[in-house]
Amino acid sequence: ETSPPSFLVFMNFVKFMGSLIQTAETWNMMNLQLLQNFDPGLKHFKHCFFRLLIETSRDFALRQVPKGMEGIENPVLAPPAPAALMRAMSRGLTGDANMPPELLRGMSGGPPQLNRQRSSNSSGAPQLNRQRSRVAEEAQARSAADAQAETTGVGRINTTSYVNRFDQMPSWESCVHPVASFKKNDRGVTVGCNIMSLKKDFLGNFIDRNLQNSLNLNDLKLDRDWSQVTHQDAVQLVHQTEGGELLAKKDHLSGPKEYVVTVDNLIKLMSIQQRLKYGLPVIVMGETGCGKTALVKFLAQTLEFKLFTLDIHGGITDTIIIDFLKNAAAHATTDKGVLVFFDEINAANCMALFKTVIIDRMYGNTRIPDNVRIISCCNPYRRRKNKELEDVALVFQGAAGDASGITDPMKSLVYRVHPLPESLIDVVSDFGSLSEASEGIYINAILRKELPNLLEEPPRDPPPAPAAPGRGAAAPAPEPPHASLSSAATSDYDVFIWAFCDLLCTSQSYVREVNDGERSVVSMRDIARAARVFKWFLTYYSKLRGV
């Protein structure tokens with residue numbers, strides 16, 4: 001972030017950092033006198049730990065999309081400024097030889113004088129040159145720029161410049177994404193902290209090896225290997241971050257079983273949970289079918305929130321959104337409240353309302369209660385790689401030579417999306433995309449859910465997922481789904497699931513390949529559809545055979 005932060009970004013940083021500090025101060029490890037008496041080697045821990053919290057807050061609060069159109073060639077930001085009267089020094093010093101003489105006012109050689117021009121129909125009598133009103137020139141320039149923007153841009157913004165701006169947004173995989181998650185017990189007392197990030201040696205940048213050894217000797221290990229995280233670990237981590245009554249339940253580790261937990265989506269899960277916990281707006285940007293909805297459902301079920309989901313499309317209006325919010329707020333009768341999920345907010349032209357709902361937490365004159373937590377997601381801004389698909393859509397497009405002048409500025413984009421207001425862009429974060437290894441794990445889990453083995457007990461928790469290649473702990477190279485199976489240790493059902501999984505992985509790779517590597521042409525939703533179609537054919541075939 002090279003540009004000055006907006007007030008919203010600065011406020012989010014202060015709010016998040018202040019909440020972390022308040023929570024940290026309740027931890028006994030922040031008592032400097034206690035640390036020095038307990039172990040002299042820990043006397044610098046508080047200073048190092050707070051430096052780590054500052055870095056965590058910076059990652060959470062600062063914007064990821066470049067501000068304005070910085071670094072983009074030929075930006076279309078605003079109409080060009082009209083010519084104005086300018087002051088100049090002497091022509092020998094700072095005068096501009098290319099500037100029209102009638103716009104110059106001299107500073108040296110006496111008081112400023114109006115430039116005189118001789119009339120073509122006068123023999124020698126000078127006359128004052130009448131100039132147009134500057135207000136009229138500004139209005140004319142704005143009108144011309146507005147007319148150009150309406151015909152060449154997304155809304156009032158040039159499509160190319162807007163897409164290039166989001167292209168400069170760092171991807172999820174290229175960032176560190178540190179998360180400091182404080183652990184609380186069933187009484188709400190802070191008893192520890194978990195540090196995680198996509199970079200394996202992140203903790204070493206703030207806490208040196210000697211200090212880490214002192215922490216380990218006192219059973220205060222912060223650096224944990226998350227590459228072998230299990231489903232129960234994820235549920236426990238979410239409950240410990242929240243603390244209180246969730247941990248008091250005997251079966252609090254049961255949780256929803258169908259969600260596949262990896263290191264990558266665990267950090268995404270904790271990032272979203274902390275933003276909700278500390279009151280920061282949550283907007284994630286990712287491809288359709290990359291796991292955003294599944295993650296939100298898992299978070300709501302784990303925290304026992306009642307989830308209200310509104311799928312946004314081009315036909316959604318402000319009235320529908322307001323009625324939806326009123327219904328959700330009416331069900332928020334306890335301190336725990338409800339969780340509202342707006343899916344694909346930039347698919348409808350309701351950006352002004354979404355800005356007030358997400359940022360200002362209001363609609364009209366009504367304030368949204370604090371126990372109504374809001375998560376939003378939006379589709380990315382990307383141009384199509386296959387130009388032939390631009391003409392395949394049920395969208396009005398004037399024929400060649402049509403005098404109407406109506407064009408479709410969004411036809412060149414992968415998704416039909418509207419531009420986000422700047423205040424929403426301030427809080428957009430990249431959700432990332434699934435790697436091929438992660439896709440195989442998700443596909444296997446989806447198939448086992450959609451096509452269960454009715455002759456056996458429900459499957460146990462899926463095995464721990466490997467860390468993403470190049471991130472976290474070292475993980476072995478991904479193998480084909482069937483390569484890790486032993487014929488002596490697997491059932492026919494397992495062989496069937498892994499073979500079906502391998503076929504679907506191969507088919508998705510092929511579809512992306514023939515579409516020039518475009519990832520949006522397939523998604524995880526296609527896997528569930530394929531499983532249901534297979535189930536229908538299997539059921540129909542069984543009836544025909546009388547099985």
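Trainee: In what order do the five strands of the open sheet stand?

Mentor: This is a predicted model, where local features need pLDDT of at least 70, side-chain atom pairs count only at pLDDT 80 or more, and totals for chains, interfaces and linings use all residues. Residues are numbered from 1 along each chain as its sequence is written, and side-chain values use heavy atoms, without hydrogens and water. Strands (E, at least two residues) and helices (H or I, at least four) are DSSP runs, numbered from the N terminus. Two strands pair if DSSP finds at least two bridges between them. Here the order is S10-S11-S14-S9-S15, with parallel pairing.

Trainee: Which strands stand at the edges?

Mentor: Strand S10 (306–311) and S15; each has a single partner strand, so one side of each has no neighbour in the sheet. Further in, S11 (residues 338–343) pairs with S14 over five bridges, in the parallel sense. In this pair, Phe341 stands opposite Ile375 in S14.

Trainee: Which strands does helix H10 lie across?

Mentor: Axes are lines fitted to C-alpha atoms, for helices over the stretch in contact (heavy atoms within 4.5 Å), and angles run from 0 to 180 degrees between N-to-C directions. H10 (residues 292–302) lies across S9 (283–285), S10, S11 and S14, at about 175° to S11. Helix H11 (residues 318–330) lies across S10, S11 and S14, at about 160° to S11.

Trainee: Where is Arg382?

Mentor: Arg382 is in the loop between strand S14 (372–378) and helix H13 (422–425). Leaving aside neighbours within four places in sequence, its contacts include Val163, Glu287 and Tyr415.
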